[in-house]
Amino acid sequence: MIEIENITKRYGAATVVNDVSLVVEPRTVTVIVGTSGSGKTTLMRMINRLVEPTSGIIKLDGEDNRSLPGHELRRRIGYAIQGHGLFPHRTVAQNIAIVPVLLGWDKAKIDKRVEELLSLFQLDPTIFGPRYPHELSGGQQQRIGVARALAAEPNVLLMDEPFGALDPVIRSKAQEDLLSIQKRFGTTIILVTHDMEEAIHLGHKIAVMDGGNLLQYATPAEILANPATDFVATLVGTGDRPFRFLSLNSTGDAVEPGNAEGEAIPASASQRDALAELLWSGRPALPVINEAGKAIGRVTVEGLVKRASRPAA
Amino acid sequence: MRLDKLGVVIAVITGYAVTVAPFATFRANRIVAGEPQTLLNSLPAWAGPTLLAIIGIAVLIGLFRTPATFRLAASFAALIALFLLIGLAAEHLTPANNTYARVSPASGFWLLLFAFALLAADALTRLQPTPLMRIIVLVLAGAFIGGVLASGSWDKLSILKEYGARADSFWTEAGKHITLTIGSLVAAVLVGIPLGVLCHRVQKLRAIVLNVLNIVQTIPSIALFGILIAPLGWIAAHVPGAAEIGIKGIGMAPAFVALFLYSLLPVVANTVVGLAGVPSGANDAARGVGMTERQRLFKVEFPLAFPVILTGVRIVLVQNIGLATIAALIGGGGFGVFVFQGIGQTAMDLVLLGAVPTVLLAFAAATILDAAVELSSPSHSRTSA
């Protein structure tokens with residue numbers, strides 16, 4: 001659990017983060033969204049003390065984050081940044097091994113961990129381990145950046161626009177990978193982005209920042225349904241709101257009894273995808289199949305449209 | 001076949017050198033005016049035409065667009081022939097049992113040397129040799145010159161007669177020259193790199209330090225020696241023990257201090273530039289993964305800035321080898337001793353005895369350090385196998 005209590009950061013006369021308080025539950029993904037200059041990155045960097053707050057306290061699992069020297073604190077917290085930040089003079093394997101080496105793990109354990117992480121990110125350790133970062137594609141570099149952040153098995157992972165430099169196809173793949181890794185290790189992730197779509201897709205909770213102030217801290221559904229201010233509403237984008245709302249839930253949750261003709265849609269697909277398929281193929285209903293490929297019912301245009309409307313407050 | 005532009009230039013130079021310019025100069029003694037000798041006159045009957053033939057073939061290979069390996073072989077063959085035959089010319093022109101007569105290479109020889117060195121350098125550049133190959137070529141060239149010297153075939157040349165007359169002091173001065181050069185370089189690196197790191201970290205200091213060092217760099221060396229006489233003389237007179245370790249207003253101490261001061265700017269500036277060139281992502285990540293400031297400096301900043309810092313060291317080394325010559329003016333020793341003695345006695349061969357080793361030393365240092373810079377640069381060590 002991360003408790004941020006009345007954190008303020010000023011540079012001279014400018015207040016970059018103004019009296020922000022929020023609690024991040026363990027094993028969840030929290031996304032901090034805001035435009036540039038909103039203070040979102042500064043807020044995140046105060047968690048691992050890359051930036052020292054002017055006032056306020058941050059507690060990690062109940063312990064003040066100033067109880068350790070800054071560098072020791074940072075070795076316990078994963079850190080991944082935009083454009084990956086890999087060390088160009090070190091191989092992929094050496095890059096991943098940075099934190100374990102700093103922590104003084106023995107060599108066999110480090111080698112094993114590097115191999116494990118490379119395999120986890122679908123990169124062959126014998127091929128990619130000895131390569132240098134500049135020999136990798138952007139997507140591969142980004143995966144190595146995340147692998148390095150996870151190397152010492154941190155409970156908390158901080159990510160600063162980690163997917164900002166990727167093209168849309170690779171980005172959505174990287175987002176899926178991140179979610180599956182988060183489920184697998186139960187890591188608490190705090191991710192900074194300016195992309196509300198990404199925030200809604202990844203976050204269990206979203207913190208919207210503007211001008212150093214925390215405007216709203218809530219679940220994606222809540223933010224979509226009841227944006228706290230006009231600014232939040234603008235970020236959410238009124239035109240896309242119903243579709244973003246549908247994207248939060250899986251087709252399985254919208255299944256109605258009955259049959260339908262034509263190609264089926266898996267229950268794990270989002271309701272937005274199901275509606276898109278319905279509209280595109282011009283059918284009134286789609287059969288839904290479960291993971292085993294067995295039909296479990298159908299979704300209808302009518303049913304999904306109802307779900308896309310604003311929930312009663 | 002099409003003509004090569006550089007080949008045309010080389011052909012013109014060689015044409016002038018073999019037809020108009022004298023190949024060697026004969027003087028009855030060390031300081032009288034010399035009699036210029038043509039190439040054919042300077043050499044025994046068989047050797048002159050042989051040399052002309054080799055030069056002719058090499059010029060033809062250079063003149064047309066031929067493969068770089070041919071050009072390199074041709075230029076090396078011509079250079080080797082020149083080196084061997086200039087010794088023979090000295091032998092040929094010196095009357096038997098005459099120890100006063102002096103034979104030295106004349107403008108024709110130097111022009112030929114220049115022309116084929118140019119052809120060789122151009123061919124080497126086109127071949128794009130690896131750093132290691134360049135060092136091997138340098139070592140082979142050094143070994144060849146060493147071999148010719150050891151064989152005694154140049155002993156009749158005037159410059160080696162000058163050497164023969166002062167062999168002991170030659171090596172003493174060589175030692176002083178190298179001590180001055182390397183010593184001031186080491187001192188500049190030990191002071192300059194930490195100073196560069198400090199300037200990188202403290203913005204305000206950077207402008208001040210670099211400006212001061214820039215001003216030092218503009219002071220002419222003679223003036224700097226003059227400026228140093230008073231303070232060093234004062235230290236020698238007033239600080240106990242200073243005079244005992246060799247600190248005085250003239251001699252090695254001011255030369256060392258001057259070279260050190262001139263060396264600081266390239267070392268500090270390149271350290272600052274190298275550190276500033278470290279990608280900000282790498283620095284941020286280094287902090288983010290929990291490196292201490294010291295770990296970040298040694299594990300991330302220095303390795304990434306190393307090629308640029310090494311370039312600064314190369315500038316300093318080559319610059320110091322040349323500048324150390326001036327140290328002789330204030331009794332600091334070094335190859336400059338022969339240069340200034342030679343100028344005083346109007347004995348050009350003595351000047352050459354000081355100048356040629358200086359040039360060779362600077363050239364060798366530049367080649368070796370260029371190779372080292374290239375080996376340490378990312379583009380070299382990080383290309384995929």
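**Exercise 1.** Leaving aside neighbours within four places in sequence, which residues is A:Leu158 in contact with?

*Solution.* This is a predicted model, in which local features need pLDDT of at least 70, side-chain atom pairs count only at pLDDT 80 or more, and totals for chains, interfaces and linings use all residues. Residues are numbered from 1 along each chain as its sequence is written, and chains are lettered from A in the order in which they are written. Two residues are in contact if their C-beta atoms, placed from the backbone, lie within 7 Å. With those neighbours set aside, the partners of A:Leu158 are A:Met44, A:Ile47, A:Asn48, A:Ile77, A:Gly78, A:Tyr79 and A:Ile190.

**Exercise 2.** Find how many residues each chain gives to the contact, and which elements of chain A take part.

*Solution.* Chain A gives 19 residues and chain B gives 17 residues. On the side of chain A that touches chain B, helix H2 (70-76), strand E6 (77-81) and helix H4 (98-103) each supply at least two residues, and the largest share, 4 residues, comes from H2(A). Helices (H or I, at least four residues) and strands (E, at least two) are DSSP runs, numbered from the N terminus.
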